[in-house]
Number of protein chains: 2
Amino acid sequence: MLEEISGGVCAPLGFKAAAMQVNIRKPKKDMAIIASDVAAAVAGVFTRNKAAAAPIQVCQQHLQKSSVARAVVVNSGNANACTGEQGRRDATAMARETAKCLGVPEEQVWVSSTGVIGQHLPMEKILSAIPDLSKTLTNTGSSDAAAAIMTTDTFPKELAVKLSLGGKDVRIGAIAKGSGMIAPNMATMLGFVTTDANIPPPLLQKTLSRANAVSFNRISVDGDCSTNDMVMMMANGLAENDPMADGSESYLHFYAALEYVLIKLAKTIVKDGEGATKLIEIHINGARTENDAVQAARAIANSPLVKTAFHASDANWGRIMAAIGYSGIEVVPENVEISFGDVPILKKNFDIMLDERKAKEVLLKSEFEVNVNLNQGEASATFWTCDLSAKYVEINGSYRT
Amino acid sequence: MLEEISGGVCAPLGFKAAAMQVNIRKPKKDMAIIASDVAAAVAGVFTRNKAAAAPIQVCQQHLQKSSVARAVVVNSGNANACTGEQGRRDATAMARETAKCLGVPEEQVWVSSTGVIGQHLPMEKILSAIPDLSKTLTNTGSSDAAAAIMTTDTFPKELAVKLSLGGKDVRIGAIAKGSGMIAPNMATMLGFVTTDANIPPPLLQKTLSRANAVSFNRISVDGDCSTNDMVMMMANGLAENDPMADGSESYLHFYAALEYVLIKLAKTIVKDGEGATKLIEIHINGARTENDAVQAARAIANSPLVKTAFHASDANWGRIMAAIGYSGIEVVPENVEISFGDVPILKKNFDIMLDERKAKEVLLKSEFEVNVNLNQGEASATFWTCDLSAKYVEINGSYRT
């Protein structure tokens with residue numbers, strides 16, 4: 001029933017995008033606008049970092065003032081974070097200029113930035129680009145927008161799906177960017193999601209928060225914590241499906257499609273982690289609560305020692321056990337079982353099954369699963385991470401210069 | 001008044017040490033015993049990892065049974081962690097054999113292991129070495145013992161000081177080992193401290209805990225969390241100083257000497273962090289509480305993005321601000337001030353002072369200070385960390401193989 005289609009954020013009816021090269025920090029496409037032809041229900045999830053960037057603060061204000069939005073203006077190369085009052089004025093000016101060019105209310109335009117922290121935006125360049133961007137909005141602009149929001153990403157991240165809700169075709173499109181991967185608390189993750197589904201703003205917010213919790217919040221780029229992380233979703237209703245009620249069959253169908261899109265993009269972000277060569281899917285089973293499962297998975301996913309071992313295809317399961325041990329959850333180490341793919345590594349009571357050759361076969365793959373059974377409950381969680389390579393160090397030592 | 005002397009853990013009266021090569025994992029000195037001629041008051045601080053290794057569990061049992069100790073037996077190359085019942089039997093057997101050879105009660109011998117997790121100790125090798133070790137104890141054995149406890153350390157860590165308490169010379173000696181540095185939660189840190197001071201066991205424990213909290217617990221090898229971390233201190237009273245009371249002048253003098261020794265060793269561990277090329281001292285001032293200061297410092301010290309920037313001598317202060325922002329403390333970003341050494345980088349209200357050339361001059365040094373003023377209280381803390389280099393990845397990808 002769910003079909004992948006082309007077109008990214010412009011696949012849903014009534015959405016257009018445009019991008020251009022403004023040379024904010026490097027000679028590349030670095031500004032974009034995504035806009036809906038009509039007012040769209042809007043929802044957002046934002047970083048919880050205490051030093052949240054100016055654009056985050058402006059989006060949160062606009063969301064308080066208005067449950068609908070018409071557009072978002074984005075730049076890469078400069079995060080407009082740690083820029084104080086001037087930063088807030090700059091972010092507001094970006095939204096205001098875009099609103100003026102599109103002829104819509106200011107609070108219906110969101111603004112997003114990613115890049116270096118602690119530098120003021122080159123506002124002259126940015127403001128003079130907005131009229132041109134507004135004029136070139138097109139329903140084939142998604143890929144350009146996906147490219148424009150990239151920083152150290154090595155490829156654009158874009159996806160769209162089509163589903164049927166009560167006889168009406170509904171589309172969901174999305175673009176995203178990732179960044180430094182082993183630094184779960186500081187990498188900037190941006191996601192922009194569009195849909196022509198008809199869904200009221202409060203349910204849209206609930207839906208985005210739910211799907212975000214099991215996708216972008218389950219990768220080693222942690223949406224909780226960078227200064228600039230955000231995911232924005234606009235739903236303009238042009239598909240004219242009957243309104244969805246929470247928990248209804250059509251809602252669950254829609255939710256599943258959104259979760260599919262966000263998980264697939266989230267995994268793409270991990271794959272493109274700085275210096276990453278492997279995508280690792282961590283399954284925790286047998287936890288007392290889902291929170292416990294996530295906490296254990298996150299500890300494994302964030303451990304530099306685990307990640308360097310994965311990089312070297314070294315079946316150093318003791319590092320996984322130690323990570324679970326310090327994750328903060330209650331755990332009986334004797335109960336823990338570990339397998340790599342379907343190769344058992346450790347059974348209960350530290351019964352070590354490790355066959356180095358078979359284990360290495362799994363770890364040499366570019367994608368593999370790590371399965372952990374805590375054997376103390378019924379809850380589970382899935383989490384995605386990548387390996388840690390010397391290239392990560394190289395990229396992050398030279399990023400700013 | 002405080003004088004550095006030679007002799008390490010054998011500098012205090014009545015302490016001897018011995019080491020030998022048992023080839024547990026590599027052809028190097030890998031076993032040691034440190035012993036006191038007479039029963040010594042004993043204190044310990046241990047990892048809080050839920051998967052605490054067998055030797056940790058045995059030491060905790062011995063400490064419960066006896067407030068004095070005579071010796072500790074240590075091996076490197078194998079952590080005896082995640083080894084279950086068999087592991088506890090092996091650790092106990094090490095203590096028992098050492099106790100037998102020294103003619104002392106079993107519970108007065110502690111045992112400590114460091115190395116690979118999840119493998120059983122080669123007990124035949126280990127047990128047959130203990131009689132020889134016991135026979136070769138000498139008051140010049142400290143350096144050999146310091147070498148025997150090394151794993152990925154590149155140099156042994158040893159220190160001793162002499163002070164005068166009420167007319168009596170008192171000595172404190174110590175050896176330590178560190179390990180992976182950016183993995184604060186999994187590196188094994190071992191410290192063995194001896195003194196001929198006369199101090200009752202409860203006060204010794206309090207004193208060790210206090211000094212440990214501002215030394216080994218303030219570096220990026222976090223004593224809270226590896227499976228094997230421990231610091232053991234023995235005080236045999238042979239200096240015959242008058243008993244010390246908590247808070248007395250002589251106690252404060254003794255405490256200051258111990259803190260000096262532990263901080264100096266802790267800094268040495270950071271300097272020798274895997275792949276480390278720089279020692280960075282982080283000062284947080286103006287925090288509401290000392291806990292807040294430590295939490296902010298720890299976030300900065302553990303951030304891979306901050307550490308890679310330091311490695312590249314890149315004055316990327318925004319990453320420091322972001323780390324403070326996600327550290328979990330309440331903070332007003334506008335109030336934060338940052339300097340590298342005495343070069344101001346950021347003043348209140350994001351007033352950026354950054355002079356790239358001057359900042360780089362500081363960051364190019366092999367040791368420098370990062371000063372952060374949160375400007376919201378009177379509390380402060382100091383923390384030590386190192387940079388993150390590509391060599392760290394290399395070391396940890398190949399450690400086990």
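Which residue forms a salt bridge with B:Glu361? I will come to that in a moment, after a word on the model.

This is a predicted model, in which local features need pLDDT of at least 70, side-chain atom pairs count only at pLDDT 80 or more, and totals for chains, interfaces and linings use all residues. Residues are numbered from 1 along each chain as its sequence is written, chains are lettered from A and ligands numbered from 1 in the order in which they are written, and side-chain values use heavy atoms, with hydrogens and water left out.

Now the opening question. The partner of B:Glu361 is B:Arg357, with the closest N and O atoms 3.0 Å apart. A salt bridge here is a side-chain nitrogen of Lys or Arg within 4 Å of a carboxyl oxygen of Asp or Glu. Side chains of opposite charge can pair when their charged atoms come close. Both residues sit in helix H10 (residues 356-363) of chain B, and being 4 residues apart they are separated by about one helical turn. Helices (H or I, at least four residues) and strands (E, at least two) are DSSP runs, numbered from the N terminus. B:Glu361 is partly exposed, with a relative accessible area of 48%, while B:Arg357 is exposed at 55%. For those words, buried means under 20% relative accessible area, exposed over 50%, and partly exposed in between, with a 1.4 Å probe and protein chains only.

Over all chains the structure holds 36 salt bridges. One of them joins A:Asp246 to A:Lys206, the closest N and O atoms being 2.8 Å apart. A:Asp246 is in the loop between E9 and helix H6 (249-271) of chain A, and A:Lys206 is in helix H5 (residues 201-213) of chain A, so the pair ties together parts that are 40 residues apart in sequence. A:Asp246 is partly exposed at 37% relative accessibility, and A:Lys206 is partly exposed at 42%.

In chain B, B:Lys29 forms a salt bridge with B:Asp144, at 3.8 Å between the closest N and O atoms. This pair links distant parts of the chain: B:Lys29 is in strand E3 (residues 29-46) of chain B and B:Asp144 in helix H4 (residues 142-148) of chain B, 115 residues apart.

Next, how the two chains are arranged. Chain A is superposed on chain B by a rotation of 180° with 0.0 Å of shift along the axis, and the RMSD is 0.1 Å. That is the relation of a two-fold axis. In chain A, the C-alpha nearest the axis belongs to A:Ala390, 2.3 Å from it. The superposition is by least squares on the C-alpha atoms of residues with pLDDT of at least 70 in both copies.

What about the interface? 52 residues of chain A are in contact with 52 residues of chain B, where contact means heavy atoms within 4.5 Å. 100% of the interface residues of chain A are also interface residues in chain B, so the copies meet through the same surface. The chains bury about 4,300 Å² between them, 65% of it on carbon and sulfur atoms. Buried area is the accessible area (1.4 Å probe) that two parts lose on being put together, summed over both.

Between chain A and chain B there are 4 salt bridges. In one between these chains, the side chains of B:Glu330 and A:Lys50 meet at 3.9 Å, N to O. Helices H2 (84-102), H8 (304-311), H9 (317-326) and H11 (390-397) of chain A each supply at least two residues of the side that touches chain B. The largest share of that side, 8 residues, comes from H9(A).

Last, a strand. In chain A, strand E9 (residues 230-235) is mostly covered, with 6 of its 6 residues buried. In a regular strand the side chains alternate between the two faces of the sheet. In E9(A), A:Met230, A:Met232 and A:Met234 point one way, and A:Val231, A:Met233 and A:Ala235 the other way.

Which strands pair with E9(A)? Strand E3 (residues 29-46) of chain A pairs with E9(A) in the antiparallel sense over 6 bridges, and there A:Val42 has A:Met234 as its bridge partner. Strand E8 (residues 190-195) of chain A runs parallel to E9(A), joined by 6 bridges, with A:Met233 as the bridge partner of A:Val193. Two strands pair if DSSP finds at least two bridges between them.
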